[in-house]
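Hi,

Here is the structure I promised to pass on.

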Amino acid sequence: MKVLKKVDYSDWRHRIKCGRCTSELEADPADVRAQHHEADNDPRGSSPAYFTFHCTCAVCSNELTIAKDDVPAAMQHFLQEKALNRRSSYSSDWGGK
Ligand SMILES: [Zn+2]
């Protein structure tokens, strides 16, 4: 397979303000983790499984949520796979390092 364009998100940075200690922070890809939410099969209102993205405040350890729209699709995919432990040997590959 010839890769024509590999999306490199190693330079991704996201500024976020902690809601608890109000510190201003900058997350990089290694700071972010995906949280898997099981599908809800409630017949009154079922919903498919989904992921949310989080990082931890370096000052007060508060868990911060990063909007899905702020996370590149390729990075979402990587984090989702990591969350599901399907690729444990792939976990140290952040592209640039
Ligand atoms: Zn904080």
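Along the chain, the donors of the zinc ion follow the spacing C-x2-C-x35-C-x2-C. Cys18 sits in the loop between strand 1 (14–17) and strand 2 (24–27), while Cys60 is 42 residues away in the loop between strand 4 (50–56) and strand 5 (63–66), so this pair links distant parts of the chain. The protein donors are the SG atoms of Cys18, Cys21, Cys57 and Cys60, lying 2.3 Å from the zinc ion (donors are N, O and S atoms within 2.8 Å of the metal, or 3.2 Å for Na, K and Ca; water is not among the atoms, so sites may look incomplete). The arrangement is tetrahedral because the 4 donor atoms subtend angles of 106 to 113° (for four donors, all angles must lie between 85 and 135 degrees).

A caveat: this is a predicted model, where local features need pLDDT of at least 70 and side-chain atom pairs count only at 80 or more, while totals for chains, interfaces and linings use all residues. Numbering starts from 1 along each chain as its sequence is written, and side-chain values use heavy atoms, without hydrogens and water.

Cys18 counts as buried at 1% relative accessibility, whereas Cys60, at 22%, is partly exposed (buried is under 20% relative accessible area, exposed over 50%, partly exposed in between, with a 1.4 Å probe and protein chains only). Of the 97 residues in the chain, 29% are buried.

As for the fold, the elements run β-β-β-β-β-α from the N terminus (helices are DSSP runs of H or I, at least four residues; strands are E, at least two, numbered from the N terminus).

Cheers

Methods: Four donors count as tetrahedral if all angles lie between 85 and 135 degrees; four count as square planar and six as octahedral if opposite donors are over 155 degrees apart and all others between 65 and 115; anything else is irregular.
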